[in-house]
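Hi,

Here is the structure I promised to pass on.

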Amino acid sequence: MQQKTVATNILDIAYREYGAPDGWPCIMGHGFPYDVNAYAETAPIMAQAGARVLVPWLRGYGPTRFRSAATLRSGEQAALGADLLAFMDALGIARAVVGGYDWGGRAACVVSVLHPERVIGLLSGNSYNIQNIARSMEPASPPEEAALWYQYLFHNERGRRALERNRRGFARQLWSMWSPRWAFDDATFETSAMSFENPDFVDVVIHSYRHRYALVAGDPAYAAIEAKLAAQPPVRVPTIAIDGDSDGVNSGTAHHAGKFVGFFERRVFTGAGHNLPQERPAEWAQAVLDVRKAAS
């Protein structure tokens with residue numbers, strides 16, 4: 001494993017690379033509030049199978065940095081997708097297996113629907129991750145609403161202050177609630193928690209959870225992308241979608257099947273919560289290999 005950095009127009013993206021440089025490209029994205037360590041065990045498995053695995057820190061996390069102080073610290077879905085595409089361009093990667101969960105899975109879904117020619121296959125935690133912002137004010141069931149407490153907290157200044165003052169506390173609370181059967185230890189958490197000290201972490205997170213409810217404007221640079229995503233376009237690349245049956249923030253995505261055209265398979269990881277690749281590294285790696293095989 002090597003840690004590297006590549007420059008795009010907006011970001012200096014830090015990433016970990018596993019496997020031979022001439023391996024088949026595989027890009028995996030982490031979620032909130034996690035980091036690249038989610039793939040510390042699964043990436044070597046994929047590398048042994050011939051992959052060149054690239055795991056970037058998302059904007060606002062770890063060593064990734066904005067190149068200009070003037071850039072809006074946006075966490076909107078279009079920005080995440082644009083970052084992934086720019087990452088591929090900067091590294092000269094024409095096509096790749098892409099995947100992830102939570103924010104990272106959302107970026108992979110965005111690229112898959114808008115640039116299918118760049119995607120060999122998609123592995124998506126929680127299936128169709130593209131937000132339907134136009135319907136964001138439609139209420140869900142009481143249990144689903146209760147699970148989203150942190151998002152509503154972040155909608156006001158109290159929530160911003162809470163995250164700024166105690167990022168580790170909030171992240172650890174979410175880890176415990178979202179993966180109740182994952183017995184992670186202090187060292188595992190702290191290894192990832194260092195990534196939350198990024199100077200832009202709070203701004204990016206707060207913008208993300210306000211933009212998805214149309215409470216703040218997005219970055220005008222991504223308006224055209226958001227307009228395309230508003231149509232909720234289907235995924236047309238080969239896809240394996242994964243849920244954990246003990247996910248404390250997502251109750252399951254079987255109802256997303258209609259958003260996928262062509263090869264699609266949904267798997268459920270028994271006993272797993274939200275942080276799928278870190279909780280089930282071997283099963284996640286196998287799913288990557290299987291979606292690549294299906295694409296071929």
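**What lines the pockets**

Let me start with the residue classes: the lining of the largest pocket divides into 15 nonpolar, 16 polar and nine charged residues. Do keep in mind that this is a predicted model.

How much space lies in the largest pocket? About 1,300 Å³. Its lining is made up of 40 residues. If you want to find the middle of the largest pocket on your screen, look for Glu144, Leu148, Tyr213, Asn250 and His256, which lie nearest its centre.

On the helix side, α3 (102-114), α4 (142-147) and α5 (149-153) each give at least two residues to the lining of the largest pocket. Which of the elements supplies the largest share? That is α4, with four residues.

Now for the second largest pocket, which holds about 170 Å³ of space. Here 15 residues form the lining, and the ones nearest the centre are Asn37, Glu41, Trp182, Thr188 and Gln278. Two or more lining residues come from each of α8 (186-193) and α11 (276-279). The largest share of the lining of the second largest pocket is from α8, which puts in three residues.

And the classes in this lining? For the second largest pocket they come to seven nonpolar, six polar and two charged residues.

Cheers

Technical notes. Residues are numbered from 1 along each chain as its sequence is written. This is a predicted model: local features need pLDDT of at least 70, side-chain atom pairs count only at pLDDT 80 or more; totals for chains, interfaces and linings use all residues. Side-chain values use heavy atoms; hydrogens and water are left out. On a 1 Å grid over the protein atoms alone, a cavity is a set of points where a 1.4 Å probe fits but cannot get out, and a pocket is an open set with protein on both sides within 12 Å along at least five of seven lines; lining residues have an atom within 4 Å of a point. Grid points are joined across faces, edges and corners, and a volume is the space filled by probe spheres set on the points. Ala, Val, Leu, Ile, Met, Phe, Trp, Tyr, Cys and Pro count as nonpolar, Asp, Glu, Lys and Arg as charged, and the others, Gly among them, as polar.
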